Number of protein chains: 2
Amino acid sequence: MGDVDNRRGGRAHNRRDQILRVALETFAERGYRGTSLALVAERIGLTQQGVLHYFPTKQALLVEVLKLRDAEDYQRFDGGSDEPHLDGIRQLMEFNATRPGVVQSFTVLSAESVTEAHPARDFFVQRYRTARGHHVDGLREELGERIAGRLSPEQAAALLVAVMDGLQLQWLLDPEQVDLTGLVDSFVTMLRDSNVPAAADA
Amino acid sequence: MGDVDNRRGGRAHNRRDQILRVALETFAERGYRGTSLALVAERIGLTQQGVLHYFPTKQALLVEVLKLRDAEDYQRFDGGSDEPHLDGIRQLMEFNATRPGVVQSFTVLSAESVTEAHPARDFFVQRYRTARGHHVDGLREELGERIAGRLSPEQAAALLVAVMDGLQLQWLLDPEQVDLTGLVDSFVTMLRDSNVPAAADA
């Protein structure tokens, strides 16, 4: 971080990256409506004009912040790995348990996005469709067409996303009482349990 | 609603009630930080001073709004009924599917409450502890000590709360694609399935 790279492109890239990281923290703390570009600028020691140079509106900044985080996670947990889908879920939850700030930002902003005319609403509608579709594929491949004896991959995918979101909320509020990774694990085990293996459907 | 009752107590009660209902809508639309007492007052046609007469701070108003909704739901779905616990869950979700505004307010405010120094944080920490404890009791009574072959009532209760919260978020964003009651039902069936009945634990 910082402007150690003095070539123009490198400096601009570092500055843009710095704005995105500080913006993520600020949105996480204060929500979209409680955050101003002026506050983000102040925290970096830039003028508001300096931030506007990279992101023309607060809305554009928010959407870029959200896309960056997703791209990083995707690379980390889905980069062409061959391991079972549900093992990747466990690893993602273990990683999330070490970064409450990032989890907080997604929890606050995804919930805030359900309100009328929120600038990230379309982003989150699309993000949840993509996430469910991604888990449908992974669950079908690992567990076949009938999961835990009765669920379709589509139902199991929506429940899996809900379990992760809902447990993260409980854990953020009460980390001593809510064992995020242990509870996700118990749900994963439930999905795998008493399951007809994929081979039997072929 | 309205000031048809001219006795002093009745009028004050109606006015207080009216403020709470408009405040709930406004918090749901704009979150806690995006709502001002002046805006709530304006929507009712009161002065801000008029609202302050009933609720000394915005924070006090928020907490009273949240308590009122919980008390109403508790009365509706738990008022000493003898039916199985999970049937009550289904009915609550069916009812919630008819009132997206209320579901939205809890989704936005519970998520927002995870941020530092949020005035409803203690309320939600306590609310989730109470909810989990309540479901532990109900699940133990209906399904015994081992649920779906492997979960403790404590684990199943945290997962049940997570499933409801998480599905409500997905449903608020995408009601055409997410069948709130059907998906909660599929999870309830999963909990009941292949279960050792309570009697066998005695």
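How many residues does the contact take from chain A and from chain B? The contact takes 45 residues from chain A and 45 residues from chain B, contact meaning heavy atoms within 4.5 Å.

This is a predicted model, in which local features need pLDDT of at least 70 and side-chain atom pairs count only at pLDDT 80 or more, whereas totals for chains, interfaces and linings use all residues. Residues are numbered from 1 along each chain as its sequence is written, chains are lettered from A and ligands numbered from 1 in the order in which they are written, and side-chain values use heavy atoms, with hydrogens and water left out.

**View 1. The interface of chain A and chain B.** Between them the two chains bury about 4,000 Å², of which 66% is on carbon and sulfur atoms. Buried area is the accessible area (1.4 Å probe) that two parts lose on being put together, summed over both. Q170(A), L173(A) and M190(A) supply 17% of the area that chain A buries against chain B, more than any other three residues.

**View 2. A salt bridge across the interface.** D174(A) pairs with R129(B) in a salt bridge whose closest N and O atoms are 2.7 Å apart. A salt bridge is a side-chain nitrogen of Lys or Arg within 4 Å of a carboxyl oxygen of Asp or Glu. Four salt bridges are counted between chain A and chain B.

**View 3. A salt bridge within chain A.** D70(A) and R127(A) form a salt bridge, with the closest N and O atoms 2.7 Å apart. D70(A) lies in helix α4 (residues 58–78) and R127(A) in helix α7, so the pair ties together parts that are 57 residues apart in sequence. Helices (H or I, at least four residues) are DSSP runs, numbered from the N terminus.

Definitions and conventions: Helix = DSSP H or I, 4+ residues; strand = E, 2+ residues; numbered from the N terminus.
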